[in-house]
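Thanks for coming. I will walk through one structure today, and it is on the screen now.

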Number of protein chains: 2
Amino acid sequence: VHRTKVKVVEDALDANTTIAQANRGDFDRAALRVVNLMSAPGAGKTTLLEAVLPRLDGVRAGVLEGDVQGSMDADRLASLHVPVTQLNTDPGFGGECHLDANMVRSALPGLPLDELDLLVIENVGNLVCPAEFRVGEDARVMVSAVTEGEDKPLKYPLMFRTCELVVVNKLDLLEHLDFDLDRFLYNLDAVHPGVERMLVSARTGEGVDELRDWLARLAAAERVQTPV
Amino acid sequence: VHRTKVKVVEDALDANTTIAQANRGDFDRAALRVVNLMSAPGAGKTTLLEAVLPRLDGVRAGVLEGDVQGSMDADRLASLHVPVTQLNTDPGFGGECHLDANMVRSALPGLPLDELDLLVIENVGNLVCPAEFRVGEDARVMVSAVTEGEDKPLKYPLMFRTCELVVVNKLDLLEHLDFDLDRFLYNLDAVHPGVERMLVSARTGEGVDELRDWLARLAAAERVQTPV
């Protein structure tokens, strides 16, 4: 019996994956490493970038700033003299709650890819949907502030599970909170065993050099093998 | 010339509005007032309910707890001896980032509507999409923690614009932050002029009686005229 083989094309309808791969191709051709930076609203992504970007000596860094609307964060970062492009998700009602690969792709023509070593894509503040959309990044970094409580890894597991680095921010407030850091790290290991983590205060500068070194290593890496 | 009149049915395709109206009808028949409680992750919605629910003497309150997955918050609130129903958005990939009217409707059979005066629907922690989906509520209350920064009303205007009350939480941390409360209130008035606001610390109890009184007044109201 001769059987006609049917090739199953998986993910054929997932346009986001297709476009993320195209983005990744463009980034690779430009020898550019890309970080997708995610967190809840107000966890301190922009303040962290304000602290770390000026310390990235020798790394040509740029920022793609994602927001529902406005350009407040982009304006803050532009004063650091790094290339910053604002991407607003607002055209639809209420605005999209995340960046996707197509939104990022639409912003690429405005970015000097060949002149950068590192592009940080600051996602919309949200612990749910940003984790569902890869945009072509080499690494995902998420920021979790100690003010948000120990339970967040358990309540938003996909976000904590799909990142390469967890930055625990606002450490300077720890002494004023009931936050149990050991419990947070226990919960983190429950959803993402062994994931790299850093304890940081963007405000005091504690731990910021460690984050700088991590980003500098990523920017210098030949090619990072992570799924698109 | 005789013209055929065409009646334009607006919102005909908006299933959420249709179902929200059905929910609202059920709530009204049970003489039940409903609050949609929203915030960013970790702003303190559950801690606020732990503080205020035991003080609601004479008001029969229940909670519908919305989370991507798990029942941590519902378990916390169940110890207060109020009826709590857990609603998880998780069946899809990664879980939905908000509650909508249909999800709430699916939970109604498990709630003793006729035995309640007030139902608090604790939404998924997210400042974007929950604001786009009415669920049949009488009032929207949003919680914004001072740890999140002064810029939040400007960055998530729909959320701040569509609520009846803004609870500014974690006031006990104010002295340890660079947060400019006047600037926050200025930004709030820029997107929602004159909206009612309360300064609260769920942790110390400051302002919690004011919130209790607000909820008690709502629960006692005959019928609140807000759009579904």
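**The interface between the two chains**

Between chain B and chain A, about 3,000 Å² of area is buried, and carbon and sulfur atoms give 59% of that. Buried area here is the accessible area, taken with a 1.4 Å probe, that two parts lose on being put together, summed over both. In chain B, the residues that lose the most area to chain A are P41(B), K155(B) and H176(B), together 19% of what that side buries.

Before going on, a word on the source. This is a predicted model, in which local features need pLDDT of at least 70 and side-chain atom pairs count only at pLDDT 80 or more, while totals for chains, interfaces and linings use all residues. Residues are numbered from 1 along each chain as its sequence is written, chains are lettered from A and ligands numbered from 1 in the order in which they are written, and side-chain values use heavy atoms, with hydrogens and water left out.

Back to the interface. Chain B brings 36 residues to the contact and chain A brings 36 residues, where contact means heavy atoms within 4.5 Å. How many salt bridges are there between chain B and chain A? The count is 6, a salt bridge being a side-chain nitrogen of Lys or Arg within 4 Å of a carboxyl oxygen of Asp or Glu. One of these pairs is K155(B) with D73(A), at 2.4 Å from N to O.

Polar contacts come next. The rule finds 13 residue pairs in polar contact across this interface, both residues at pLDDT 80 or more. A polar contact is a pair of N or O atoms within 3.5 Å; within protein, one must be able to donate a hydrogen and the other to accept it, and residues adjacent in sequence count only if both atoms are side-chain atoms. On the side of chain B that touches chain A, the elements giving two or more residues are α3 (72-78), α5 (152-155) and α6 (157-161) of chain B. Helices (H or I, at least four residues) and strands (E, at least two) are DSSP runs, numbered from the N terminus.

**How the copies are related**

Chain B is superposed on chain A by a rotation of 180° with 0.0 Å of shift along its axis, at an RMSD of 0.0 Å. In chain B, N126(B) has the C-alpha nearest the axis, 3.0 Å from it. The same surface serves both copies, since 100% of the contact residues of chain B recur in chain A.

D67(B) lies in strand β2 (residues 61-67) of chain B. Is D67(B) buried or exposed? At 5% relative accessibility, D67(B) counts as buried; buried means under 20% relative accessible area, exposed over 50%, and partly exposed in between (1.4 Å probe, protein chains only). The side chains of D67(B) and K155(A) are joined by a polar contact of 3.2 Å.

V191(B) sits in helix α7 (residues 181-191) of chain B and is buried, with a relative accessible area of 9%. V191(B) and P157(B) are 34 residues apart along the chain, yet their C-alpha atoms are separated by 6.0 Å.

Last, chain A. Chain A has 8 helices and 7 strands, and buried residues make up 59% of its 228 residues. In helix α2 (residues 45-52) of chain A, 6 of the 8 residues are buried, so this helix is largely enclosed by the rest of the structure.

Terms used: Copies are superposed by least squares on the C-alpha atoms of residues with pLDDT of at least 70 in both.
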